[in-house]
Amino acid sequence: MAGNSWLCVVQYWAAMEKPPHLKCIAPWEGFSDFYRDLSRRGGIPWAPFLKWVLRGVPGRGKQEAVTEMAEKHETYDHYWQSKQ
């Protein structure tokens, strides 16, 4: 798999599933720290942006309420550490 931006993030998610046929990922120009790169870019809360981005993100019953968690965890803490 190869790609940047959103395709980079999708590669991370796919690799976490550890499918036997996946041998390599090549992510570039994507974010790896959800708190610093997306949720609180420059220290400014992006909750409205997150609501727009995540409105259609599917999950396997494991999707978190990221915008609500961003409001509950405004500073970098154990919740954001678990996302790295």
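Accessible areas here come from the Shrake-Rupley method with a 1.4 Å probe. By that method the protein chain of this predicted model exposes about 6,100 Å², of which carbon and sulfur atoms supply 57%.

**Overall fold**

The secondary structure of the protein chain comes to five helices and two strands, and these elements follow one another along the sequence in the pattern β-α-β-α-α-α-α. The protein chain has 84 residues, and 26% of them count as buried. When contacts in the protein chain are taken between residues at least 6 apart in sequence, 39% of them join residues that are at least 24 apart.

**The nonpolar core**

The largest nonpolar core is made up of six residues, namely Phe-34, Tyr-35, Met-69, Ala-70, Tyr-79 and Trp-80. The elements that each give two or more residues to this core are helix H2 (34–39), helix H4 (66–72) and helix H5 (78–81). In soluble globular proteins, nonpolar side chains tend to be buried together.

**His-73 and its surroundings**

His-73 lies in the loop between H4 and H5, and its side chain makes a polar contact of 2.6 Å with the side chain of Asp-77. Leaving aside residues up to four places away in sequence, His-73 touches Tyr-35, Arg-40, His-78, Tyr-79 and Trp-80. Of these neighbours, Tyr-35, Tyr-79 and Trp-80 are also members of the largest nonpolar core. With a relative accessible area of 14%, His-73 falls under the 20% limit and therefore counts as buried.

**Lys-18**

Most residues other than glycine have a negative phi. Lys-18, although it is not a glycine, has a positive phi of about 55°. This residue is placed in the loop between helix H1 (6–16) and strand S2 (26–28), and because its relative accessibility of 70% is over the 50% limit, Lys-18 counts as exposed.

The structure holds zero disulfides.

| Residue | Relative accessible area | Class |
|---|---|---|
| Lys-18 | 70% | Lys-18 exposed |
| His-73 | 14% | His-73 buried |

Note on methods. Residues numbered from 1 in each chain as written. Predicted model: local features only at pLDDT ≥ 70, side-chain atom pairs only at ≥ 80, totals over all residues. Heavy atoms only, no water. Helix = DSSP H or I, 4+ residues; strand = E, 2+ residues; numbered from the N terminus. Buried < 20%, exposed > 50% of the residue type's maximum accessible area, 1.4 Å probe, protein only. Contact = heavy atoms within 4.5 Å. Core = buried A, V, L, I, M, F, W, Y, C linked by side-chain atoms within 4.5 Å. Polar contact = N/O pair within 3.5 Å; in protein donor to acceptor, adjacent residues only side chain to side chain. Disulfide = S-S within 2.5 Å.
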